[in-house]
Amino acid sequence: MEQYNVLVVDDEKEIRDAIEIYLKNEGIKVIKAADGIEAIEKLNEQPVHLILLDVMMPRQDGITTTFRIREDKNIPIIILSAKAEDTDKILGLQVGADDYVTKPFNPLELIARVKSQLRRYVTLGTYEGKAKVIDLNGLTLDQSSKEVLAHGEAVKLTPIEYKILELLMTNAGRVFSINDIYERVWKEPSYNAENTVAVHIRKIREKIEIDPKNPRFLKVVWGIGYKIEK
């Protein structure tokens, strides 16, 4: 059985230690951080499969931390907060959290939610470290062979086109700005990248869409960017 690493981020030591006991009893390794800045440091030092993240913390709060993690990582995030208002839950989910648990929490419920997110992330194929086949209603991308099928037909993409499609498909439903796409794919700061990205998007559409002018898969979100429909 694979050893899962869960990063627990909370400014209260007692809560960190209590959660560690619950999770260690399930065979899960716990990494602890006292605030958002330390959490980012821990995240860059070792593999992490899930993050339990408090909202109200010194130096850097949970909402800001979630936003920064989501700039380049798809790790499941469960927000932990004493705030039960719907607006706080919605804000956490909008910036990229996968779930929200209100303090004080039931340990059994917390463990169940952690296991559910780990199963989705690792077993069902969204784990970043695991090559997988992504199938979205007739559009298929195999990360091992680097092959793409659209409507059952093989699609020949350039390396850049493949990287753009892979980025969008592994984050299906999420909107990426032109700058996001350029910086993640080209691995350099974005500067006047609109035409460059737009040309590649057009070429991808011509290869994967039956009607590129009315795309089924690769959608534009006007004023924001592009996404692949789930």
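Residues are numbered from 1 along each chain as its sequence is written, and side-chain values use heavy atoms, with hydrogens and water left out. In this predicted model, local features need pLDDT of at least 70 and side-chain atom pairs count only at pLDDT 80 or more, while totals for chains, interfaces and linings use all residues.

Aspartate 54 lies in strand β3 (residues 50-54); strands (E, at least two residues) and helices (H or I, at least four) are DSSP runs numbered from the N terminus. An unreviewed UniProt entry annotates Asp54 as "modified residue: 4-aspartylphosphate"; such annotations may be inferred rather than shown by experiment. Residues up to four places away in sequence aside, aspartate 54 contacts Val9, Asp10, Asp11, Gly62, Leu80, Ser81 and Lys103 (heavy atoms within 4.5 Å).

Helices α6 (residues 159-169) and α8 (residues 194-208) pack at about 85°, with axes 10 Å apart; axes are lines fitted to C-alpha atoms over the stretch in contact, and angles run from 0 to 180 degrees between N-to-C directions. The pair is therefore roughly perpendicular (65 to 115 degrees). From α6, Ile160, Glu161, Ile164 and Leu165 meet His200, Ile201, Lys203, Ile204, Lys207 and Ile208 of α8.

Terms used
Parallel < 35°, antiparallel > 145°, perpendicular 65-115°, else oblique.
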